[in-house]
Amino acid sequence: MICPICGALVDDTNNFCPGCGAQVSPAGEFSPSLGEGAPLSEAAVPPAPEAPPAYTPPPSAGAPAAVEEAPPAFMPASIPCPPPKPVRQQVYTQKQLMPLSTGQAVLFSFICAIPLVGLICEFIWAFSTKTNLNRRAFARAALIWTAVFLAVAIILAIVFLAFLALNPQFDLRLFLMNTFFA
């Protein structure tokens, strides 16, 4: 048999065309479009409906669009954004990148141990941009430890003063004499 739609060769045992999938019936059988016993021929089969185009081109630029959509009412007008600020890259000198020697680290620790001078030097080295990076990191760590020790000392002083306030019979002078001069 030959398919009346696409003209492909169809086996007599098949009811559908393997090329286009149209239903075919052997000659002499009832066909709803042709009537009973009418032979199948290309002239008797109505033409297939024309398929819609796969691509619809957009309207030309000169022609106005049929429907223009307005922006939503809740959308704010476009606000111009300022241009991004340039990122300032820090450039380090060779002296700033050199590691601290053992002698420098010991001297640094000794200076930090001096009560007021050490604290001032720690602040200067910790927040200066021109100092060695390792000295800056060391100074920041020393400042953190100084803050921790200061907080612990304040808490211990408050606890000790609370103890003295709650025990009026406690003689501090006698306690210090027995502790340090016994």
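**Ground rules.** I am working on a predicted model, where local features need pLDDT of at least 70, side-chain atom pairs count only at pLDDT 80 or more, and totals for chains, interfaces and linings use all residues. Residues are numbered from 1 along each chain as its sequence is written, and side-chain values use heavy atoms, with hydrogens and water left out.

**Overall make-up.** I found five helices and zero strands in the chain, running α-α-α-α-α from the N terminus. Helices here are DSSP runs (H or I, at least four residues; strands are E, at least two), numbered from the N terminus. Of the 182 residues, 13% are buried. For that label I used relative accessible area: buried is under 20%, exposed is over 50%, and partly exposed is in between (1.4 Å probe, protein chains only). The chain exposes about 15300 Å², and carbon and sulfur atoms supply 68% of that. The areas come from the Shrake-Rupley method with a 1.4 Å probe, and for residues only the protein chains shown count as cover. Among contacts (heavy atoms within 4.5 Å) with a separation of 6 or more, residues 24 or more positions apart account for 31%.

**Helix α3.** The expected span is 1.5 Å times one less than the number of residues. I listed G118, C121, E122, W125 and A126 as the buried residues of α3. Seen down the axis, these buried residues fall within an arc of 125 degrees, so they line one face of α3. I took the arc from the directions from the helix axis to the C-beta atoms. As a reminder to myself, an α-helix has 3.6 residues a turn, so residues three or four places apart point the same way. On the face turned away from the buried side, α3 carries the exposed residues L116, I124 and F127. What do the buried residues of α3 pack against? They pack against α2 (102–113) and α4.

**Helix α4.** I counted 34 residues in α4, which reaches 50 Å from first C-alpha to last, close to the 50 Å expected. Its buried residues are R136, A139, A142 and L143, and these pack against α2 and α3.

**Before α1.** I looked up C20 in the segment before α1 (94–97). With 38% relative accessibility, C20 counts as partly exposed. Leaving aside neighbours within four places in sequence, C20 is in contact with C3, I5 and C6. C20 and C3 are 17 residues apart in sequence and 8.6 Å apart in space, C-alpha to C-alpha. G19 is also found in the segment before α1, and at 60% relative accessibility G19 counts as exposed. The C-alpha atoms of G19 and A8, 11 residues apart along the chain, are separated by 6.3 Å.

**Nonpolar patch.** On the surface I noted a nonpolar patch of F160, L161, F163, L172, F175, L176, M177, F180 and F181, with about 920 Å² of accessible area together. The elements giving two or more residues to the patch are α4 (133–166) and α5 (172–180). Patches are made of residues with over 30% relative accessible area and no salt bridge; like charges are joined within 9 Å, nonpolar side chains (Val, Leu, Ile, Met, Phe, Trp, Tyr) within 5 Å. A salt bridge is a side-chain nitrogen of Lys or Arg within 4 Å of a carboxyl oxygen of Asp or Glu. Five patch residues, the largest share, come from α5. L176 sits in α5 and counts as partly exposed at 36% relative accessibility.
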